[in-house]
Amino acid sequence: MKNKEMIDIDMLGQVCPACLLVALKVINEHRERLKKGEVEIVVRTDHRDATRTIPQSAEAMGYRVVVEKVKTCYEIRISS
Amino acid sequence: MFITNLYLIFFLNFSMGVLLGITIYRSDYCMAGMFRDAFLLRDFTLLRSLHLFVAISMVLFFTAHLMGVLPFYPPPTYSLPSLMSLAGGFVFGVGMVLAGGCVVGTLYKMASGNLTNLIGFFGIITGSLLYAEMHPFFSHLYKTYQIGRHITLYDLSPLAAAAFVGIFVLLSTVVFLRWKKKGFWDVRAYAVGYLKPWKAALIIAILNLLVYLLSGWPMGITTGYAKLGAYLERYLAPGHYSHVLFFHSPSVGIHTGDRLITGGAGAAFDIITAQEVSLIVGILIGSFLTSLYYREFRIYGLPPLRQTISAFTGGMMIAFGARVASGCNVKFVLGGLGLISFQAIMFVSAMTAGAYAGGIILKKVVLRV
């Protein structure tokens, strides 16, 4: 099985809604590779509402989303 | 049941502030986000809950008035609308989006360790101090461009107000039931202890009614920020402070029996300290403790430079807009819409336009995405 490339987006401490806008931009930039399963996007955020908005948007685009609390922040993993 | 003991009002509003801090932190009930995301992302999730909040507030305020339990109707902090309500509302709307939070959002986010919002907080204090220098000019403008002769729709016609409340609540209920069918109230987030927005709306409406019943008028906050600035200015530049008119003229005065209770932005313990500074401290403590409880408190460092500048500038615009319009979103959205105040309707309309403009600036200039 081929290893997936991880794209790490660190949005900790940034202004709202930078997290969602940047995540959407990166998803669109890597749309083809995401769909082929070559890449996984990991968004790290301290914004609680981003745990609603990012999964909602990514799931609506047909991606798989897993959210996990890691220490004091949240990791949102987006893959196909 | 209006309480005249300022220390008791301080304690009660502080307690309400703590509960408010817990509620808004858990639900991430960001009003800047509600308006911004509706335009920027076509996401109406939080705005729907605000619609619910306004409908509940309208019913609660009107019923409480009919029962004769409200101390003042309209509250003494409300006045005739002015064209400056529009100007201030627009500036406020742009500011809250650039700062990443309104006057309440800034508090609960900075209490969890977010430095962007701490910068926004200092922007609000700085903006309040700058406004203080120009207060006579803007105060004159507000009075010059005042319009109408009535503060609320009830003032104009109690019958029209009753009909408006009835129709608004009826139509809203139909809409709410449709949204329920579509599952719009069942909002899902993965944050620990997440409180659904409709529950937050209900809790905040009840807290606001309690504040109104016990301490004279619904929640307000921005004069409290100005008062914090006044203490700072009195400490750093006492000579200059003593000459600033804004800090030496009360913004509210109430006769209760043979007693006159006054309050303003000056560095003194008065009704504004009891009403508003107490809320600020309460929200900070409530949200700080909640962030500790959910193990989310952490300082992640400064944001990128453009966001830092945006947060500070936005904070200053929040303060300026609120002072020019004689109130902020807490006063006019959380209180004024439920009271059907003309000032509130004008402020909120302009604030909505400001949030739209702020969203474009944030996206194109600050974040460049």
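A residue is buried if 20 or more other C-beta atoms, placed from the backbone, lie within 10 Å of its own C-beta, exposed if 12 or fewer do, and partly exposed in between. Helices (H or I, at least four residues) and strands (E, at least two) are DSSP runs numbered from the N terminus.

The model is predicted: local features need pLDDT of at least 70, side-chain atom pairs count only at pLDDT 80 or more, and totals for chains, interfaces and linings use all residues. Residues are numbered from 1 along each chain as its sequence is written, and chains are lettered from A and ligands numbered from 1 in the order in which they are written.

**Exercise 1. Describe the sheet of chain A and the helix that packs on it.**

Step 1. The sheet is open, has 4 strands in the order β1-β2-β4-β3, and shows mixed pairing; two strands pair if DSSP finds at least two bridges between them. Its edge strands are β1 and β3 (64–70), each of which pairs on one side only.

Step 2. β1(A), residues 5–10, pairs with β2(A), residues 39–45, in the parallel sense over 6 bridges. Within this pairing, A:Asp8 has A:Val42 as its bridge partner. The count of buried residues among the 6 residues of β1(A) is 0.

Step 3. β3(A) and β4(A), residues 73–79, run antiparallel and are joined by 7 bridges. A:Lys69 has A:Tyr74 of β4(A) as its bridge partner.

Step 4. Helix α1(A) packs on the sheet and touches β1, β2 and β4 of chain A, while its direction makes about 170° with that of β2(A). Contact here requires C-beta atoms, placed from the backbone, within 7 Å. Axes are lines fitted to C-alpha atoms, for helices over the stretch in contact, and angles run from 0 to 180 degrees between N-to-C directions.

**Exercise 2. Determine how helices α10 and α12 of chain B are arranged.**

Step 1. The axes of α10(B), residues 222–236, and α12(B), residues 271–293, come within 8 Å and cross at roughly 90°. α10(B) is therefore roughly perpendicular to α12(B), a term for angles of 65 to 115 degrees.

Step 2. From α10(B), B:Thr223, B:Gly224, B:Lys227 and B:Leu228 meet residues of α12(B), including B:Ile272, B:Glu276 and B:Ile280.

Step 3. The contact has 5 nonpolar, 3 polar and 2 charged residues. In this scheme Ala, Val, Leu, Ile, Met, Phe, Trp, Tyr, Cys and Pro count as nonpolar, Asp, Glu, Lys and Arg as charged, and the others, Gly among them, as polar.

**Exercise 3. Characterise the side of chain B that touches chain A.**

Step 1. 30 residues of chain B are in contact with 21 residues of chain A.

Step 2. α2 (31–40), α6 (115–144), α13 (305–325) and α15 (342–367) of chain B each supply at least two residues of this side.

Step 3. By class, the side has 14 nonpolar, 7 polar and 9 charged residues. The model scores ipTM 0.94 and pTM 0.96.

**Exercise 4. Which residues other than glycine have a positive phi, and are they buried or exposed?**

Step 1. A:Lys71 has phi near 55° and is placed in the loop between β3 and β4 of chain A. A:Lys71 is exposed, because 9 other C-beta atoms lie within 10 Å.

Step 2. B:Ile340 has phi near 50° and is placed in the loop between α14 (329–336) and α15 of chain B. B:Ile340 is buried, because 24 other C-beta atoms lie within 10 Å.

Note on methods:
Angles under 35 degrees count as roughly parallel, over 145 as roughly antiparallel, 65 to 115 as roughly perpendicular and the rest as oblique. Two residues are in contact if their C-beta atoms, placed from the backbone, lie within 7 Å.
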